[in-house]
Amino acid sequence: MRNIIAMCIGNNATGFKQFIDRTVDSLKDSLGLAKTTLGTTQRVEIPEGTTRAFEINRERFNRTMKKIAYGLHFHEFGKPWNRDLIIMTPNLVAADMSEDEYGLLMRWAKENCPPLPSHGENQMVFLYNVLPPSEEMEEPVFRMLFYENFVVWVVPLKDSTAPAL
């Protein structure tokens, strides 16, 4: 996960340093890790210029983010979060997603999330916000931010139970 998040365009200087100091070396040192992380890559054009796109194991990414969210929930509320969770991020783009799908998450966040206090000891690396339960959402929603750029929203599925991870 560190490598995937550190490779994201737009991260702060701390994230870029992590990419240069840790990610590049780890991928050079382990061809297996490089293949697992990057798979096949292709050149893509983005507003910032030309870069490389690669396919990640989204199931593994989601599972890891859920584990972090379950830990944060326990830290905040002192009890397990017995819900399955939806993991959403605008930083990972699927080739078959439409512009409407990209904007859906951001529109929801702007409409439903007032400014919230941020939690985290080293907020240049990681911080999180908790959107408390409300009339619309019976359970809290978490927003996690890595390197001041990589956003992950965690939303509980109503009437679900936590899966075995």
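This is a predicted model: local features need pLDDT of at least 70, side-chain atom pairs count only at pLDDT 80 or more; totals for chains, interfaces and linings use all residues.
Residues are numbered from 1 along each chain as its sequence is written. Local features need pLDDT of at least 70 and side-chain atom pairs pLDDT 80 or more, while totals for chains, interfaces and linings use all residues, and side-chain values use heavy atoms, without hydrogens and water.

**The fold.** The protein has five helices and six strands, taken as DSSP runs (helices H or I, at least four residues; strands E, at least two) numbered from the N terminus. Along the sequence they read α-α-α-β-β-α-β-α-β-β-β. The C-alpha trace spans about 45 × 35 × 30 Å along its principal axes.

**Helix α3.** Let's look at residues 31-38, which form α3. Here buried means under 20% relative accessible area and exposed over 50%, with partly exposed in between (1.4 Å probe, protein chains only).

| Side of α3 | Residues |
|---|---|
| Buried | Ala34, Thr37, Leu38 |
| Exposed, turned away from the buried side | Lys35, Thr36 |

The buried residues of α3 fall within an arc of 75° seen down the axis, so they line one face of the helix; the arc is that of the directions from the helix axis to the C-beta atoms. Glycine 39 follows α3 and has a positive phi, near 55°.
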